[in-house]
Structure formats: structure tokens, C-alpha cells
Amino acid sequence: MALTVPCMKPVMTFQRQLQGFLWKSFFCISTVDIAKVKPPKKIRRKKQNMKAFDESMSWEDRLADAVTPLWRLSYDEQLHIKQQNQENILKQFSSQLSHLILAQQSPVVNDTSGFSVLPIMPSPVRDCYRNKSTFSVNKGVDGNPKTVGFYVGTGRDRNIICVNGDHLLNMPEKHKQVARCYQEFIRLSPLDSCLLFHKGGHWREVTVRTNAKGHTMVIVYFHPQTLVPEEIAIHKQALVDYFTKGPGAICELYSLFFQETSMTRCDHKESPYQLLYGQAHIHEELLSFKFRISPDAFFQINTAAAEVLFTVAREMCFPEGVADRVGGTLLDVCCGTGAIGITLSPAVEQVVGVELVPQAVEDARHNAALNGVLNCQFLAGKAEVILPRIVPQLSSSEEGSGGGGVAALVNPARAGLHYRVVRALRNQPDVRRLVYVSCKPDGEAMRNFIELCCPPDPQKKLTGEAFTPRVAVPIDMFPHTQHCELVLLFER
């Protein structure tokens, strides 16, 4: 298997890059000879040793290095590093797959030569791009346990210091303003901050969500400990008064939510988000579509870069072009609140979204109705249960209408797809094209890639025809950090 890596060059429009690859196959630049590559070693994450801080650095620089480790570099240098990282990850994938094919001596595998990595797509916005930030509460540099910011150090080493994030390049000023005001509020409060659940305290982290119109949603997390509801109500009212009538009114909140829970993380069903002030939702526009955002709804952190991501995904799913022909079915697996499916809906005959979380499905249906999109349906349940039932029906419908076939798009969390979902996609012969959007391709997603493309394996119940990796496009969703999204096209 050869991995073709185009040299870095000025970024053209992604349509020219991607369509050029898909239709003209002109990428014939230097390739990696996988036959000469040694079997890959397991990558072990280095343990962060934070026991001894560099005393010559300010706390602000230490935090910036932890949260935005590339902040000292020019943006072109950042892109170069990310491009190299993604190429190395995909070389590892290519090597693992090649050695697996050789080990099994399987002739029933598609030709995998010419797998290409296109140049990284830059983010249209490089500073202050985050539309969601969560600030922690802990001891600050001065020892004050009611400091709001981000951590330097680790719990394991017992050297956590909470540092104010006012200087971070990826945070918008509105988020920083809310954090400063929340810190002032909890320092005025008679209740302690909650650093360790078993040691008491109440005030926990705060999440800030904003949209392009400047609307600000704030979610305050609170540990009730032994307080009764009447006591908690007093502090909730104090919080509302501070942000609506007191010094915090400068934040001009659109929504203020409160969640009381004794768990580290929980959803709305386990512990409802209580609307203390304002509107229940904010809305954001993306590729001319409008989306409702609730306190726990997933939405891409960088809205401008998300438009680039969704456009690339559309071109990969339907390379014939949106303007020329509309047809086919998009199977949107792990659809969340429906953002990708809805934005791609003009290019297809129908969109079928599958999502495990019922609340997300409700949001997706609302978003489709909000935009007047009639060719989307969203199903709640396990993908591994739903897919075998609906894909044959979709395929029969396509054959009868002369449509453009079934394409699948998956956009899982960092943990990747459940192996049963991979098995369901692999074993459905009518899915001929699959686009995988990964925020961590060197993690569990790598296992997904291998299982989609490896020779048939009856022991793992991977009996369907193997997919072939065709092209990968890195997209910089997170400037100043080492992370980016990777969009891969698989075909068979």
C-alpha cells in the first residue's frame, strides 16, 4: 500500500484539490514504500511530568504552552507541523493495514495504491475562534481556592494551579469577561468552591457559549452537598441578581443556566439544566442554515472552520457536484443535532440520520423544521441495530428511482465508532462510499479504519467487502493547538 503525500504548496480551493484527485488522479508525487516500512510500534503517550515548573516562565506562558502549545509559531509554521502529524498518522495506518494484508495473505482486497493526503485546509479565523469554553475553579497562584481559569499541573502530581486565561489567543473576550465576573461572584459568595467532592464546597466550573450575533449563554455547575432546595434557591437568586442587576450585568447574558449535581459529568436527563434567566436557546448560522443550541448540544467549536469541514465532506460524499445533479441518499451516522446532514441536504434526494441520544435527535428534527428542510429524517437508537434494517430499504428505493446510491458519513467522538457500528457499515454492501470525520485519528479511530479496510475476518464478523482508502484532507479547526480534524474518503 502506498501513501501519496503532496508537497505543501499555496492552498487552492478545496474543490480543485479534491475534484482533481477524484476525477483526474493527478497526484503522483513521492510515495512511501510500505514494503520497506517496519511493522509499526504501539504509540505510548508520554506521561506529563509537571512536578518541577520552569521558574523562569510566567504562569501565563505556562498556561499558554499547555492550552495552545503552538502559539509562539507563525500560522504557516503551525499548518506545516499539523500537516506532518497527519501524514505520519496515515503512514502508520497504511503500514498497519499493509502488514495485516500480508500476514493474512489475502488476495480479496482492493488496490490501495495512491492513497493521498491533500494539503491542510486553514481555519478562516485564527484568533478568538472558540464558541464554547469551560472554565475550572481551583487554587490560584496566590492560593485562593476561588480562582477561575485553566489548569497547569496534574491531579496525580498534586500540583494543580488554576491560572486566569485572559491572555489565551483562542478565547474570545466575551468568554474571558464572563470568567472574570464569575470569579468575582464566587469570591463574594459565603459558599466555598468545590475542589474535591468529598471535601465539600459548592461552586464548580462555568461554561460559556456564544454565537456570531454576540448572544451569550452561561451554564453554572453546582454541587448541592447537604443543602436543602430552599437554601440552594437563595444562592441561585444571588447568581441571577449578580449577572442581571449587579457587576455581572456588563456581560449582557442572553441565557443563564444552573445545573446542580453530585456527579462529575451528567446530561440533562440525569440532572436538568435549570433556566434561571433569559432564553432557553441561542442560535447559530452555518452555510446559510440556522441551528438551535441548547446547553448540552454538540456544535463545532470553530464555526467558520466548520463551514470548511462540511463543504469538504459534501464534496467527498457526492463528487459529481452539487450544482450539476441532485440525487442519492446520505446516511448520517452519529448525526448529533443534524448539522452535517442538514447542510448537505440540498445535494441529495434524502438524508437519514442515526443518533443514540434521544435529546440530540429532537434537536436535529427541530433544526430541520427550523430551516424548512423536508428531505431529512432522524432516527433515535443504536446504529448497529438500525443500519441493517434501513440500508436495504434505502438501496431498494434508490434503484427504483434511479438515484445516486447510498453514501455514509460518520462523525464520532474521540472514542471512535463502536465496533458493532463498524461491522454494520462494513457488512452492508449497498454502502459504497464512506466519509469518516475524525478529531483524533491516532486514537480509537485508527482501529475503525483498519476494520473498515482489512481483509474479511469471520471471527470478528467482518464479512463484507473491504473499503479502500482514497484521500484524506486535514482541516485546521483549532489554531494554536496541535489538534485538527481529518476527513477520510473510503470507497469500494
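**Reading the predicted model**

Q: What makes C251 count as buried?
A: Its relative accessibility is 0%. Buried means under 20%. So C251 is buried.

Q: Why is C484 called buried?
A: C484 has a relative accessible area of 2%. The cut-off is under 20%, so C484 counts as buried.

Q: How confident is the predictor, by average pLDDT?
A: The protein averages a pLDDT of 86. At least 70 is reached by 83% of the residues. Residues 5-12 fall below 50, and this stretch has 21 contacts in the model beyond near neighbours in sequence. Residues 22-40 are also below 50, with 44 such contacts. Where pLDDT is low, the predicted coordinates should not be read in detail.

Q: Which residues have the most contacts inside the largest nonpolar core?
A: They are M316, L330, I342, F378, L409, I475 and V487, in a core of 51 residues. Helix α6 (residues 303-317) gives the largest share of this core, 9 residues. A second, separate core has 41 residues, including F93, V354, L434 and L486.

Q: What does L330 touch, not counting residues up to four places away in sequence?
A: L330 touches C317, F318, G341, L344, V348, Q350, V351, V352, A407 and L409. L409 is also among the core residues with the most contacts.

Q: What makes helix α10 mostly covered?
A: Of the 8 residues in α10 (residues 419-426), 6 are buried. They are V421, V422, R423, A424, L425 and R426.

Q: Where does N411 lie, and why is N411 called buried?
A: N411 sits in the loop between β16 (406-410) and α10. Its relative accessibility is 16%. The cut-off is under 20%, so N411 counts as buried.

Q: Which residues is N411 in contact with, leaving aside neighbours within four places in sequence?
A: N411 is in contact with Q300, V333, C334, I340 and V437. Contact here requires heavy atoms within 4.5 Å.

Methods: Residues numbered from 1 in each chain as written. Predicted model: local features only at pLDDT ≥ 70, side-chain atom pairs only at ≥ 80, totals over all residues. Heavy atoms only, no water. Buried < 20%, exposed > 50% of the residue type's maximum accessible area, 1.4 Å probe, protein only. pLDDT = per-residue confidence, 0-100. Core = buried A, V, L, I, M, F, W, Y, C linked by side-chain atoms within 4.5 Å. Helix = DSSP H or I, 4+ residues; strand = E, 2+ residues; numbered from the N terminus.
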